[in-house]
Amino acid sequence: MNLTDRIAVVTGGAGGIGAALSRRFAAEGAAAVVVADLDAEAAHAVAEGIGPVAHAAALDVTDEAQVRALVDDTERRFGRIDLFCANAGVTTGGGVEVDDAAWDRAWRVNVLAHVYSARAVLPGMLARGGGHLLHTCSAAGVLTAVGDAAYTATKHASVGFAEWLAITYRDRGIRVSALCPQGVDTPMLADGIAEGHLGARVIAASGAVLTPDQVAEATIAGLAEERFLILPHPEVADYARRRAEDPDGWQAGLRKLVRRLTA
């Protein structure tokens, strides 16, 4: 995926990784970048900061009708969508005690929103014989978000869905990438640390916390190479191998880290 003259859509584009991706896509020469977010005012601010190629849109990713309308409107205005980034995500900061409403929200934002965007954008991409889906799934999707049960479960599901898409549609011209960063300096992480969430504290203690711009840089490289797993933190690949080779040892190491942080 070369971004020059491409049409890109980024959900959750008003801040954090989404805003960084939107800015970087424009800098790479995209013909149009649609910055979509539940916070319409913030999305407009990001788009205005980028310049004429950026267009803001209000979007609730959990509403399939809104997702389909966004795709339809973008295709009418620009003729196609080359890259759709399902980037919006939410955490809960808790375990099994978290109420059903929070579990449902995590499921709808972190998983069903990816399903809705794929349903909406795939027909046009398949008709043209090409396109790229970028799903922000988090390192939690290949490892574990200690302290956040719903985030762990839904991010594993999002990686699984992205892999299913890649297997099913690659031979029909559709590329799929799962973006799986570990710690990123975003409000999601900062708020979790401020509120004392165990998961956020584990992330902060587990390695480098990257800036959103660094994640965007890694994403550009991953898209250019058409990689399925885009790992801004390369150590995540080593962690995943250790987890697969010795799950008991991996879990013991995480329990030790938790004991140290909660002592």
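This is a predicted model: local features need pLDDT of at least 70, side-chain atom pairs count only at pLDDT 80 or more; totals for chains, interfaces and linings use all residues.
Is R6 buried, exposed or partly exposed? R6 counts as partly exposed, because its relative accessibility is 30%. Residues are numbered from 1 along each chain as its sequence is written, and side-chain values use heavy atoms, with hydrogens and water left out.

Stay with R6. Its side chain meets that of D82 in a salt bridge, at 4.0 Å from N to O. The two belong to distant parts of the chain, 76 residues apart: R6 sits in the segment before β1 (7–11), and D82 in the loop between α3 (64–78) and β4 (83–86). Helices here are DSSP runs of H or I with at least four residues, strands are runs of E with at least two, and both are numbered from the N terminus. D82 counts as buried, because its relative accessibility is 9%. A salt bridge means a side-chain nitrogen of Lys or Arg within 4 Å of a carboxyl oxygen of Asp or Glu. By this rule the count comes to 13 salt bridges.

Now look at helix α3. D73 and R77 form a salt bridge there, at 3.8 Å from N to O. They are four residues apart in the helix, so about one helical turn separates them. D73 is partly exposed, with a relative accessible area of 29%. R77 is partly exposed too, at 49% relative accessibility.

Next comes E226. Its place is in the loop between α8 (212–224) and β7 (229–230). E226 is not a glycine, yet its phi is positive, at about 55°. Most residues other than glycine have a negative phi. E226 counts as partly exposed because its relative accessible area is 31%. Its side chain meets R170 in a salt bridge, at 3.5 Å from N to O. This pair also links distant parts of the chain, 56 residues apart, with R170 in the loop between α5 and β6 (174–179). R170 counts as partly exposed, at 37% relative accessibility. Elsewhere, salt bridges that share partners join R6, R80 and D82 into one network.

Which charged residue is buried yet has no salt bridge? K155 is one, and the nearest side chain of opposite charge, D148, is 10 Å away. Lys and Arg count as positive and Asp and Glu as negative; His and the chain ends are not counted. K155 lies in helix α5. Leaving aside neighbours within four places in sequence, K155 is in contact (heavy atoms within 4.5 Å) with residues including N110, T136, C137 and S138.

S138 is buried, because its relative accessible area is 10%.

Finish at helix α10 (residues 247–262), the place of R260. R260 counts as exposed, at 56% relative accessibility. Together with R255, K256 and R259, R260 forms a positive surface patch. Patches are made of residues with over 30% relative accessible area and no salt bridge; like charges are joined within 9 Å, and nonpolar side chains (Val, Leu, Ile, Met, Phe, Trp, Tyr) within 5 Å.

Terms used:
Accessible areas come from the Shrake-Rupley method with a 1.4 Å probe; for residues, only the protein chains shown count as cover. The place of a charge is taken as NZ of Lys, CZ of Arg, CG of Asp or CD of Glu. Buried means under 20% relative accessible area, exposed over 50%, partly exposed in between (1.4 Å probe, protein chains only).
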